[in-house]
Amino acid sequence: MSDIVVSARSVSKIFGNGPEQVRALDDVSVDICQNEFFTMLGPSGCGKTTLLRLIGGFEQATSGDILLEGQVLNDLPPYKRPINTVFQSYALFPHLTVRQNITFGLEMKGMPRREANGRADEMLDLVQLAPYGDRMPSQLSGGQQQRIALARALAPAPRVLLLDEPLSALDLKLRKEMQIELKRLQTETGITFVFVTHDQEEALAMSDRIAVMQAGKILQIGSPRDIYESPTHRFVADFIGESNFLHGEVRQTDGGAAVLTLAGGREIALAAMPVSGPRDNVTISIRPERLALYARNDQKDGLTGTIRDIVYFGTDTTYHIDLGPSGTDARLTVRVQNREGEGREFERGAQVGVTVPVDAIRVLAD
Amino acid sequence: MGNLIRSKRFWLIAPAVLYIGFFMAVPLGQMAYVSILERGDYGAVNWGVFSFDAYASFLFERDLMDNLMFNTDYLQIFARSFGLSAMTMVFALVLGFPTAFYISMQPQARRNFLIFLVTIPFWTNILVRNYAWMLLLRNGGLIDNGLAWLGYESGGLDILYTPYAVSIGLTYTYLPFMVLPIYASLEKLDHRLIEAAFDLGADKWRAMTRVILPLAAPGIAAGCILVFIPCLGAYVTPELLGGGKFMMIANLIGSQFGAARNWPFGAALGFVLLAFVLLSMMIYAMKFKSLPEEKL
């Protein structure tokens, strides 16, 4: 892994005091690397924005350290940190023109006006709004304001750019465009981006690494592929994409293979014994698209069930399947891609078998 | 026109229009008329005899030979009033802006309470408040004694019946008119803009001068006007805290209608004052019409 730019070391943040206190961050540690698009993903209230504001210097950690390139930043006010922020509401100065907004940070660094204006024009080119320098922010659309906020934050060439849900106010189409745009800007400028969002799709599309947060803790850090394909926690598997969860006990068969036994007595083969060894009450997760259906006309081993619901999505079809006799609450969702000429159709109420590839099963930590 | 009279809106605003029309336009017209009449020998005016003497006597006086001589007495009173009003405005701004800023930074519940505190002086009669200031400022008064107790010489305050006493009294009276509009513009101010300024490297001073002050400018200008203009017309405070020795425009106008029995001149002075006020309003309007208040 390349050089670490920003680190949080055992950072906790408590808001309020007495019985009303809220632990927004609970002993969080993370290293963010040079030239990385790092995303903090989680539902509202998980502490992701608090961590961002701690890095920006807008809040002080209750305990723990924030480091920039090895230097402890804790007491440094925001205006002394080489870190800039794109705010959720953009926070463009309404009394300044677009160009004056962009040169604001440069003038604060003491850059002569002429040079600052040149840099502002460069930035306007970068965000593809070159003709808009003399407008007032109020004369721009939401998407344009967003780009100006980016240009303003990038102009002083910060070591780290913090982005606080910057796309949440845009409509879907614009949001998709800006996702590509943000990734392009990050690659072109080579600046480390720390991005906060509650939108898992956004996180998967742009990030080099994602930290999934819940209730003030980081549950899992990894590449989008790691996070999606190998979730370690039920929360991660559930929050990012869809997942099937099955509970049971893990046993070792006489042959030495590991098997998960569900409540109804059905068995699912595991690739390997989990590190924790044989135990009761284990949860596994399987992505719906990794499962396959076959018409059940024999009494082979494996999972069988009844199709309860069929939902057609265009690109694929989702089957909701009741496992075993009605009354047991074990259910599976199976997503099958719709391909031309593949007339494999199932009716509601049909008995089907479900194929579970051994490598699609993830044993969760909790 | 028929549509207008039948419309509900017309009847809703009609009482206000009638009230303002009658109680503002009529007396104003009456005074304008008085100001161009000839002064009566024993007070009042000679109705129907027109003369511009009243306006002329603002700048000129007739000597014994009936020549017009340039006379700066009244101009001096105007200048003094403008100077004192400006001083009061500056005092009120210096005290009022930090107050408004502080209040706007408080949690919502406390803000309302503090604003309520700011408006409390309005509840007391202005005469009572001015007498209270006389007791505070006079030699041997509370402030004088307080200074003596702290080791400064007693009896040496000598501030009552000076322009400073008048300005202190006026500042006290009109401070809420400065605080409230500035607070209104600061309260609207998005705190994330201040964070954005910090984020971009502005320290507290530059965040104040480059972001907060420009955005609060309409409120500051409104506050300055709301303090400056009533100060020009202040009557009670100069009379009491200035001890009558120190005349401001309103006292001069009052004396023309009273002791001096020169109604046309009193009315003319009123219109000269009105002209000055309108002029300063126009300057304000020209300077601030392009400010981004409505764009926020």
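**Figure 1. The interface between chain B and chain A.** In this predicted model, 21 residues of chain B are in contact (heavy atoms within 4.5 Å) with 22 residues of chain A. The two chains bury about 2,100 Å² between them, 65% of it on carbon and sulfur atoms; buried area is the accessible area (1.4 Å probe) that two parts lose on being put together, summed over both. On the chain B side, Asp199(B), Leu200(B) and Arg210(B) lose the most area to chain A, together 35% of what that side buries. Residues are numbered from 1 along each chain as its sequence is written, and chains are lettered from A in the order in which they are written. Local features need pLDDT of at least 70, side-chain atom pairs count only at pLDDT 80 or more, and totals for chains, interfaces and linings use all residues, while side-chain values use heavy atoms, with hydrogens and water left out.

**Figure 2. Chain B as a whole.** The secondary structure of chain B comprises 13 helices and four strands, taken as DSSP runs numbered from the N terminus (helices H or I, at least four residues; strands E, at least two). Its C-alpha trace spans about 75 × 75 × 35 Å along the principal axes. Of the 296 residues in chain B, 37% are buried, that is, under 20% relative accessible area (1.4 Å probe, protein chains only).

Figure 3. Helix H10(B), residues 204–232, spans only 36 Å between its end C-alpha atoms, whereas a straight helix of 29 residues would span 42 Å, counted as 1.5 Å times one less than the number of residues. H10(B) bends by about 55 degrees at Ala217(B), and Pro218(B) follows within four residues. The bend is the angle between axes fitted to the seven residues ending at a residue and the seven starting there.

**Figure 4. The largest nonpolar core.** Such a core is a set of buried Ala, Val, Leu, Ile, Met, Phe, Trp, Tyr and Cys residues joined through side-chain atoms within 4.5 Å. Among its 44 residues, Phe93(A), Phe104(A), Phe97(B), Leu170(B) and Leu186(B) touch the most other members. Elements giving two or more residues include helix H2 of chain A and helix H4 of chain B; H10(B) gives the most, with ten.

**Figure 5. The surroundings of Gln145(A).** Gln145(A) lies in helix H4 (residues 142–154) of chain A. A polar atom of its side chain lies 3.2 Å from the backbone oxygen of Pro137(A).

Notes:
Buried < 20%, exposed > 50% of the residue type's maximum accessible area, 1.4 Å probe, protein only. Polar contact = N/O pair within 3.5 Å; in protein donor to acceptor, adjacent residues only side chain to side chain.
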